[in-house]
Amino acid sequence: MRDDTSASWAEGELRELLSLMMIGACIWIIGTQLGVFTVVLSFMTLHGLEHMMLLAICMTLGVVVAAVRKSLKLRRVMMARDGAQAHAEAVARHDAMTGLANRRLFRELLDMRIDGARGVPSIAVIQIDLDRFKPINDVHGHAAGDAVLCAVADRLRLVIPAGNTAARLGGDEFAVLFDYGIDTDGVSRLAQQIITTLSQPIPWGAGHLEIGATVGIALATVETSTAEALLHAADVAMYQGKRDGRSTYRFFQLEMGHALKVRARLEQELRTGIERGEIEPFYQPVVALPGRELIGFEVLARWRHPDHGLMNPADFITLAEETGMIADLSWSLMRQACWDARSWPSHLQLAVNISPLQLQDKQMPERVLAILTETGFAPSRLEIEITETALVNDLESARIALKSLQNLGVRIALDDFGTGYSSLYHLRELQFDKLKIDRSYVSSIPLGSERARLVDAIIALGSSLGLVTTAEGIENASSVDWLANQGCTYGQGYLFGAPLGKQATDLLLAEWSDKDGNVVLDGAAEAQRQEIAAEAAMRAA
Ligand code: C2E
Ligand code: MG
Ligand code: MG
């Protein structure tokens, strides 16, 4: 752009100079032809005025040069203005950090490609969303986040075939406009290449950062033949990829649009539900084995939805995690549970589940402390349950957060042990207080089965590391003695009671406590039985 401007400027200048010279030459020719110069010269010489004439010529020359200079200056100013305008245009169409096209330019190019095609063009919009980008920003700071975005841009430039466009649409969202010609398989190949290249570690400081990428692809079709429709379809496909487990790619299909609408409605309802306090804590008894003395409750979220009734965590916790609402939801639930438990016997403990995302929050220990202080709930009565996924994402932040919580006096349990990826390494690196054996191992343990041997091994592993164990999902009285004999410390499951709301829990404590406030759950009370039946019916629905 700048080169074009200076070329046309030089051309203009030259033309002006030549014109001036031509005018001078014409005056001279006319003057000589008419003999004007001879008359004037002899008149001047006669009267000794030739110096005056030379002076006039020199002054005229000076005026001409001044005019040329002025026009030069004017052109330079105009050129600078044109340059600045061109620069501003370029800035408005590119992402300042990565230098890639921005959303505006991407859309313009997409529009041009669609309008310029005869019929439906052979193009794909490949939308890329980075996995695990937010924790990098939160844990390593914004400089690390910027480095990741620039590395992503560089890798995209390398991987996309020449003639195609990569853009940063905003945040950690990128897109590629890919002209696949007749090679439709090329789209999947490119998507896979993008995922592979973006999953390679990114050097940072003395170590490296790791991200992933989930890709949504929309091919231009009769239904998706506008820029808007293509971008929306790629977005929908990308969200489907996220739901299907990330680091994968998905092509847009028409039925995905409906699922997304349902999800968007639920998301909106959950947002207002959290504000209105529709998410309630339910309490499931935890007992000591083998005597079945109540030692406390696990707090489990329930959503009292105005239209759908009581909803289970499986229907909304993942959504809350994906949309970042989980923190608000969990903290309000923990606060509510701590208030509820104040009126219960002081030896009863509360176990609260927190999501992997909350573990990445550097302020997490302070938030817990603030809730304990506000509600006057003793830290020694609180247990935090984390799942193994939290450790895989970022072990270092998990270690820091857990240590600070333990310093407050809060205990940490590793939940659903045996279902995730945690290894002996995690158990050695992080000092847990408790292992919770997942219910898939426990709910039906036929003696002598392989499951029973695994449960036995987990209990032995726990006790060798100095950890107590809770068996989750106990439904049959037959497994209670066996678990206790293997050394399992606590039990939880429908046999002792399903999760109950605050009122039902108050009732249970009032009716079942002895004079010292102790409760032994040696048989399900009628109220509990009803709750269990209601819960089972709800699950079936
Ligand atoms: P979890 O933490 O492992 O909770 C135990 C789950 O097992 C609960 O399901 C409970 O109702 C169920 N359960 C307990 N005893 C039995 C039994 O004997 N048989 C069977 N079949 N199931 C039993 P729920 O309440 O549906 O919660 C599911 C999961 O959702 C929880 O698993 C936990 O990971 C998550 N969750 C629940 N509340 C919260 C929350 O407030 N925050 C977070 N981040 N996650 C939560
Ligand atoms: Mg739990
Ligand atoms: Mg569990």
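Q: Why is arginine 132 called partly exposed?
A: In this predicted model, arginine 132 has a relative accessible area of 38%. Buried means under 20%, exposed over 50%, and partly exposed in between, with a 1.4 Å probe and protein chains only, so arginine 132 counts as partly exposed. Arginine 132 sits in the loop between β1 (123-131) and α5, and its phi is near 60°, a positive value in a residue other than glycine.

Q: How do you know whether arginine 292 is buried or exposed?
A: Its relative accessibility is 15%, so arginine 292 counts as buried. Arginine 292 is in the loop between β8 and β9 and has a positive phi of about 65°. The loop between β8 and β9 (293-305) also holds proline 290, which a cis peptide bond with omega of about 5° joins to leucine 289.

Q: Which value makes arginine 93 buried?
A: A relative accessible area of 18% makes arginine 93 buried.

Q: What makes the link between arginine 93 and glutamate 108 a polar contact?
A: Their side chains are joined at 2.8 Å. A polar contact is a pair of N or O atoms within 3.5 Å; within protein, one must be able to donate a hydrogen and the other to accept it, and residues adjacent in sequence count only if both atoms are side-chain atoms. The 2.8 Å pair is therefore listed as a polar contact.

Q: Why is the pair of tyrosine 283 and tryptophan 344 called edge-to-face?
A: The ring centres are 4.9 Å apart and the planes stand at 85°, so the pair is edge-to-face. Rings of Phe, Tyr and Trp (its six-membered ring) pair if their centres lie within 6.5 Å; planes under 30 degrees apart count as stacked, over 60 as edge-to-face and the rest as tilted.

Q: How do you know on which side of α20 the buried residues lie?
A: The buried residues of α20 (residues 502-512) are Thr505, Leu508 and Leu509. They cover an arc of only 95° around the axis, which puts them on the same side of α20. The arc is that of the directions from the helix axis to the C-beta atoms. On the other side, Gln503, Ala510 and Glu511 are exposed.

Q: What lies behind these values and names?
A: Local features need pLDDT of at least 70, side-chain atom pairs count only at pLDDT 80 or more, and totals for chains, interfaces and linings use all residues. Residues are numbered from 1 along each chain as its sequence is written, chains are lettered from A and ligands numbered from 1 in the order in which they are written, and side-chain values use heavy atoms, leaving out hydrogens and water. Helices (H or I, at least four residues) and strands (E, at least two) are DSSP runs, numbered from the N terminus.
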